[in-house]
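Look at the model below.

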Amino acid sequence: MATSETTELLSGLNADVLNALARKVGAPTASMRKLDVIDALERLLLSNPRQIVDLLSDVEKKLVAEMAYSDGPLDAHQFEAKHGVQWPALGPRGYPSTDSSPLLIFVGTGYGRVSPAVAQALRGVLEPPPAAAIAVTDALPAEYLLPGNWRKGESRPLQVYEGEAVVFPELRSVLKLVQAGKLKVTEKSNRPTDQAVRRINEVLVVPDFSLEPPAEEAGQWTQHAGPVRAHAWGALVQQCGWAKAKAGKLVLTDEGQKLLGTADPAAFAKGVGEFIGDDELDEFNRINHIHGQSGKGQRFMTFPVERREAIVESMEGWPVNQWIAFDQAARHVWASGNGFDVTEATDSLYLGDAHYGRLYGGSLEISRLYLRAFLMESMATLGLVDIAYTYPHDLWPEQHQSWNSGDGLDFIGRYDGLLYVRLNPLGAYCLELTDAYQPRATQAARPFRVLANREVALLDGGQPSAADRHLLELFATPKSEFVWVLDTARILTHVESGGALDEVTRFLESNSSVPIPETVAAMLADLARRSAAVVGAEEALLIEFQDETAAALAAHDTQTARYCHLAGKKHVAVPKKNLRAFRSAIKKLGFVIPDRLTQ
């Protein structure tokens, strides 16, 4: 008798269809009874599967091979994404019939799986299906040609952002804002306030993504895309464990303090791992035109960590340092078996009006919207991927058939213009695709010349990167358009906020066309000695006495000396941790410290 798996797959077909299939494939059966026919079909599947497989089309053979080598039920989106073809129809009109292909024997009522025994038999006649492939783009176009007949011939310039080169100095600038207590977050969501976003925008090494249309295309009702990296950093420093919210402000964690002192790729990668596993903040929330994410709809939303892990797993198949079209990246997520959903109920989300704008169906398109936000908002800001994009207005690559796609909304998400993405060496390292971080090879331009008078001059034809210019101005004051002067105060401020003198030396050595002059080397060595002179600090109270005799007695008595230090003629410094013990000891000398003086 047929196994329960085969019976389950084929029992939904009526007897006429089953008998027609048996005749097509030559399955001998002496009975017209349904269960007898199913049993005959399975015997043929197990004994001579090639007799059935040879009757299938090339697409159907691919489908059967995928089922034979799959660990579970085959997903239609995965098959279609991997092979670029539609899941074969069950019959001439999409329904099982006596004219159906023998493929129906394998897919039955559409479960997309075969029994283990049948799968083993099929593996004897079918080669394993190839791994999901991904096509690369050899060279980026200068412009993006808009799709659609009504815009035929129109194009937009392509913007390129390479985050690996700027992420460490940019992160340090953001962490300095956190250290200074200048970044506030909202009470409920812990997202940066508008003021915090403006402050972050001011310290970005290169300007935020250019997402607004040119002035000649903008009108009174044109919607603004708004910030991306300037907002993302306020969330990412929390997700990566470098900062945490306390009393409405961000404060540095120990990990954040370490990163402020040195650009350590291993510590950075550890933070990226924390971000991938964060469930508190969701990039999908930043697609603010999609409503219904909070309230009742929130219970249908999937966990962000599940989505991120699925995407990251699919990125294991990305080549490093090669551009991939966004459509290819999205296709590969599902082709590699890492498809995900943003919500378990698409109709809980809507555009515009809750009654008429429900996103019925369209789960795949909603997931693509999240993928855009994840890559552009988080991964590009963290410098793990480079992106090429244009402004999002009027593109509508997803949900273009929604009822109000052309009525009142210029775009569904500020990320609609993401066109290409490239995994860089930093991304490969942080996603554990490589064991060590090897920065992308760049030509050693050495655009500066360090002079004996402490000036740093830009050579003729030199063109420093935005990151190099940003780093230089941490140590030097601009004197003219092409000349900077090394500034002791700026260098010490850099060290004070967690930087190191070695970073200044390394930067100058790697960017100067001549060796560092002795006068500059001596200045940096002297600063290194002086900046290392202070080795510790603790909070203390400065207690003032009426005269020098009383202060000296309090500082040197055997009962009190261990708890304080003489600070001048009439003052004693008492570490805060010693205050209670100092009070008790000083009473034995007849002295009292009133509470009002220490509150």
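An open sheet is built from 4 strands in the order 3-9-10-7, with antiparallel pairing; strands are DSSP runs of E with at least two residues, helices are runs of H or I with at least four, and both are numbered from the N terminus. Two strands count as paired if DSSP finds at least two bridges between them. The edges are taken by strand 3 (159–161) and strand 7 (323–325), each of which has a single partner strand, so one side of each has no neighbour in the sheet. From one strand to the next, the twist averages 20°.

This is a predicted model, in which local features need pLDDT of at least 70 and side-chain atom pairs count only at pLDDT 80 or more, while totals for chains, interfaces and linings use all residues. Residues are numbered from 1 along each chain as its sequence is written, and side-chain values use heavy atoms, with hydrogens and water left out.

Strand 7 and strand 10 (residues 418–423) run antiparallel and are joined by 3 bridges. Opposite alanine 325 stands tyrosine 420 in strand 10. Across strand 7 and strand 10 lies helix 15 (residues 326–335), at about 80° to strand 7; axes are lines fitted to C-alpha atoms, for helices over the stretch in contact, and angles run from 0 to 180 degrees between N-to-C directions.

Two further helices meet elsewhere in the chain order: the axes of helix 14 (residues 304–314) and helix 16 (residues 363–379) come within 11 Å and cross at roughly 80°. Helix 14 and helix 16 are therefore roughly perpendicular, a term for angles of 65 to 115 degrees. Pro304, Arg307, Arg308, Ile311 and Val312 of helix 14 make the contact with Tyr370, Leu371 and Phe374 of helix 16, where contact means heavy atoms within 4.5 Å.

Methods:
Angles under 35 degrees count as roughly parallel, over 145 as roughly antiparallel, 65 to 115 as roughly perpendicular and the rest as oblique.
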